[in-house]
Structure formats: structure tokens, C-alpha cells
Amino acid sequence: MRQIFLFFVVSALVMSTTGCVENITSIHDRSEGSKALYLENDPATAHPHFLKAARDGDAESQHELAKMYLLGEGVEKDIAEYQKIEELAVAQRYPAAMRTLGFILTTGLEGVRPDPNRGMALLKAAADDGDDTAHYFLGLIYSRGIPGVQQDYRMAAYHFAQVDEDDFPVTPEMQNAVSLERMGLQPWPAPSQTATGSAGTQVASQSTGSKYDLTSVETKKYVQHALKMLGYYSMNVDGNIGNGSIQSIKAYQRAAGLKPTGIIDEQLIDSLLAASANHQ
């Protein structure tokens, strides 16, 4: 009887230890992947580490791996593969995964078929878990209104009020529903042609039915803020696109695989939105 008892005790210890080793292994692989990707700028080396940890069920690694397919870092860009892997992290309620997939589904970025109902549900779930970026995106979406999501200034004001102002360009006016209504925010139209702005910068002009108003100060401020959050810009977020902003835009475009024009265009905005959604 004593031998049988010892057998079960040892078996339990072995199974427990195996679980701990797998967990430690996942953490190690995630750490190695992060070091290779973010410190050494070596996505090809990062990929197998994230892949191994993701297969072990590590939600953060699943999200990092999914981002690689979303952005084409170290692997061929594959939106379907991105969605498949991101869903694994979403199933574990990983906030960054819920926020990223939610934003993409809501807006239809990267050619993904829009699903505003599920996208907004994921964004709200991430916001409920305390994700500032999710609150910020919800504020933008509600303040402007997009297909499938009705403009709602009070909801916009609520979400903007939850955001840490040190991380995002949220003015006191943006936190106030009445002020939002008076501002009369309009949906962003998409570019059609380029024109020279006041600072000598080429900016794309808006056209009917397009996505972004690329000539507005608000859009220029967003570009500066996004570049600052991603580490490409260090000056004031003031909407004045001077030489410093142009050089920052070019640096980001090179890093993102875009043509380094220094021009604020639709491709730049789409890329910044996706990169900001992925930023932690």
C-alpha cells in the first residue's frame, strides 16, 4: 500500500513539474522572441520563439505572432493567418488581441471584411479590462461614426474620459459631450490628389466619399501623436507639419516598408492606425 501511495505522489509531482517547465519554457521563448524582434530588429529569429510559445498556449506570444503576419515582419504578410492566430489570444481574453482584432473588424482595415458588431464587442471587452488604447479607439469611432456604428458623442466623451492623457492626445473638449457636438466632427475622407500645405509639406486633398480628411489639423495631430507613441517623433503635437515631422514620417515609412515620401496620405494613416492598435 505504501508503495502504491508513493507511486501516486511521485506521479503527481512529475505532472506538476512538467506543467511548470512548460510554463517557464513559454516565458523563456516569449522573452527570446521579444528580444530578437524589439531589441535586435531580427523578426526571422523572433518568429520560431513566438511560434513555440504560442503553440504552448501563451496568449501574449500568440498575439505577437499574429502581429508578425499582420505586418509582414519575418514572415510573408497573411491576414487570414493573422486572424486565425489572433483568435487564439482573443479566446484567452488577452486585451491587446481583443483591441487589435476588434479595431480591424470594426473599421475593415487590411481588407478584412468589416464586422462592426463583433469588432465593437471586442473593443469594449478590452476597454472593460482597462486597455487605454481600446478606450481611445472607441472614443474616435463614436465621435465620428462609421458604417455600422452610429455617431454618439456621449459615448465618445465617456471613452475619452477613461484615457490617460499622457499617452493619447485627448483634450478637455474631447472629454465633454456638448463640446464634441459643437465641434461637429466629420468622418475622415480619403485622398485623391496632392497639394502643398502651409509648411511646404505635400498633403493629400480630401474628396467626396473618401476615408480621411488629410488636410485637417486634427488629422495632422493624429499623425504626430502616433509617430510619437511609436518612437519616431519627439516634438510637440501641434498639427504643424514642418521639416521635423516630415523626417519622422519618412523614417516611419521606411520602417513600415512604405515609400519614404514624407507625405501624409491614406496608406500612411492606415499603417499608423494598425501600428497604434498593435502598440502596447
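Residues are numbered from 1 along each chain as its sequence is written, and side-chain values use heavy atoms, with hydrogens and water left out. In this predicted model, local features need pLDDT of at least 70 and side-chain atom pairs count only at pLDDT 80 or more, while totals for chains, interfaces and linings use all residues.

**Exercise 1.** State how many helices and strands the chain has, and in which pattern they follow.

Solution. Helices (H or I, at least four residues) and strands (E, at least two) are DSSP runs, numbered from the N terminus. The chain has twelve helices and two strands. Along the sequence the pattern is α-α-α-α-α-α-α-α-α-β-β-α-α-α.

**Exercise 2.** Describe how α3 and α4 are oriented to each other, and list the residues that make their contact.

Solution. Step 1: α3 covers residues 59-71 and α4 covers residues 79-91. Their axes (lines fitted to C-alpha atoms over the stretch in contact, with angles from 0 to 180 degrees between N-to-C directions) come within 8 Å and cross at roughly 165 degrees.

Step 1: Angles over 145 degrees count as roughly antiparallel. The two helices α3 and α4 are therefore roughly antiparallel.

Step 2: Contact means heavy atoms within 4.5 Å. From α3, the contact is made by Ala 59, Gln 62, His 63, Leu 65, Ala 66, Lys 67, Tyr 69 and Leu 70. From α4, it is made by Ile 79, Glu 81, Tyr 82, Ile 85, Glu 86, Leu 88 and Ala 89.

Step 3: Sorted by type, the contact residues of α3 and α4 are ten nonpolar, two polar and three charged. Here Ala, Val, Leu, Ile, Met, Phe, Trp, Tyr, Cys and Pro count as nonpolar, Asp, Glu, Lys and Arg as charged, and the others, Gly among them, as polar.

**Exercise 3.** State what share of the chain is buried.

Solution. Of the 280 residues in the chain, 45% are buried.

How values were computed: Parallel < 35°, antiparallel > 145°, perpendicular 65-115°, else oblique. Buried < 20%, exposed > 50% of the residue type's maximum accessible area, 1.4 Å probe, protein only.
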